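Take a look at the structure, then follow the topics in any order you like.

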Amino acid sequence: MIFPPETVFTRSPEPLTTEIDGEVVMMDLASSAYFNLDSIGAAIWGQLETPTRFEDLCGALHARYDAPLDIIRRDVAALLADMLTHGLVRMEVP
């Protein structure tokens with residue numbers, strides 16, 4: 001699933017998070033679920049500190065990493081969809 005470019009994502013305030021060696025570790029107290037984001041996932045999490053449009057997020061990652069934009073969009077959409085399912089991010093479609 002690819003999100004519309006104007007879709008805005010932001011972090012959910014619920015999970016406890018910490019950074020360890022460039023990765024982000026999260027704990028959702030409500031479900032006792034544990035999550036780990038690698039360095040690229042951590043970069044995405046960092047961008048979501050403030051509300052960020054899907055297309056802006058993908059563009060920032062495209063500028064930072066040597067990967068085709070369509071692959072970045074697909075991979076970011078998959079991660080965000082998983083994070084939405086677990087309540088780690090919030091989504092708003094203007």
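**An aromatic cluster and its surroundings**

Phe3, Phe9 and Phe54 are linked into a cluster by ring pairs. Here rings of Phe, Tyr and Trp (its six-membered ring) pair if their centres lie within 6.5 Å; planes under 30 degrees apart are stacked, those over 60 edge-to-face and the rest tilted. This is a predicted model, in which local features need pLDDT of at least 70 and side-chain atom pairs count only at pLDDT 80 or more, while totals for chains, interfaces and linings use all residues. Residues are numbered from 1 along each chain as its sequence is written, and side-chain values use heavy atoms, with hydrogens and water left out.

**Aromatic pairs**

- A pair of aromatic rings is described by the distance of the centres and the angle of the planes.
- By the rule above, the count comes to 3 aromatic pairs. In the pair of Phe3 and Phe9, the ring centres are 5.0 Å apart and the planes stand at 75°, so this pair is edge-to-face.
- Phe3 and Phe9 are both buried, a word that means under 20% relative accessible area, with exposed for over 50% and partly exposed in between (1.4 Å probe, protein chains only).

- Thr7 sits in the segment before β1 (8-11); helices (H or I, at least four residues) and strands (E, at least two) are DSSP runs, numbered from the N terminus.
- Thr7 counts as buried because its relative accessibility is 0%. Setting aside residues up to four places away in sequence, Thr7 touches Thr52, Arg53, Phe54, Met91, Glu92, Val93 and Pro94, where contact means heavy atoms within 4.5 Å.
- Ser12 is placed in the loop between β1 and β2, and at 5% relative accessibility Ser12 counts as buried.
- The side chain of Ser12 reaches the backbone oxygen of Gly87 at 3.1 Å. Not counting residues up to four places away in sequence, Ser12 touches Trp45, Gly87, Leu88, Val89 and Arg90.

**Helix α1**

- Which residues of α1 are buried? They are Gly41, Ala42, Ala43, Ile44 and Trp45.
- Gln47 belongs to helix α1 (residues 39-47) and is partly exposed, with a relative accessible area of 33%.
- Leaving aside neighbours within four places in sequence, Gln47 is in contact with Thr52, Leu57 and Ala60. The C-alpha atoms of Gln47 and Arg11 are separated by 9.2 Å, although these residues are 36 residues apart along the chain.

**Salt bridges**

- Side chains of opposite charge can pair when their charged atoms come close.
- A salt bridge here is a side-chain nitrogen of Lys or Arg within 4 Å of a carboxyl oxygen of Asp or Glu, and the count comes to 3 salt bridges.
- Arg73 and Glu55 meet through their side chains in a salt bridge (2.5 Å, N to O). Arg73 lies in helix α3 (residues 69-85) and Glu55 in helix α2 (residues 54-64), so the pair ties together parts that are 18 residues apart in sequence.
- Arg73 is partly exposed at a relative accessible area of 23%, and Glu55 is partly exposed at 22% relative accessibility.
- Arg53 forms a salt bridge with Asp56, their closest N and O atoms being 3.0 Å apart. Arg53 is partly exposed, with 34% relative accessible area, and Asp56 is partly exposed with 41%.
- Arg74 forms a salt bridge with Asp75, and the closest N and O atoms are 3.0 Å apart.

**Loop and strand β2**

- Asp21 is in the loop between β2 and β3 (23-28). Its phi is near 50°, a positive value in a residue other than glycine.
- Asp21 is exposed, with a relative accessible area of 78%.
- Leu16 lies in strand β2 (residues 16-20) and counts as partly exposed at 49% relative accessibility.

Technical notes. A polar contact is a pair of N or O atoms within 3.5 Å; within protein, one must be able to donate a hydrogen and the other to accept it, and residues adjacent in sequence count only if both atoms are side-chain atoms.
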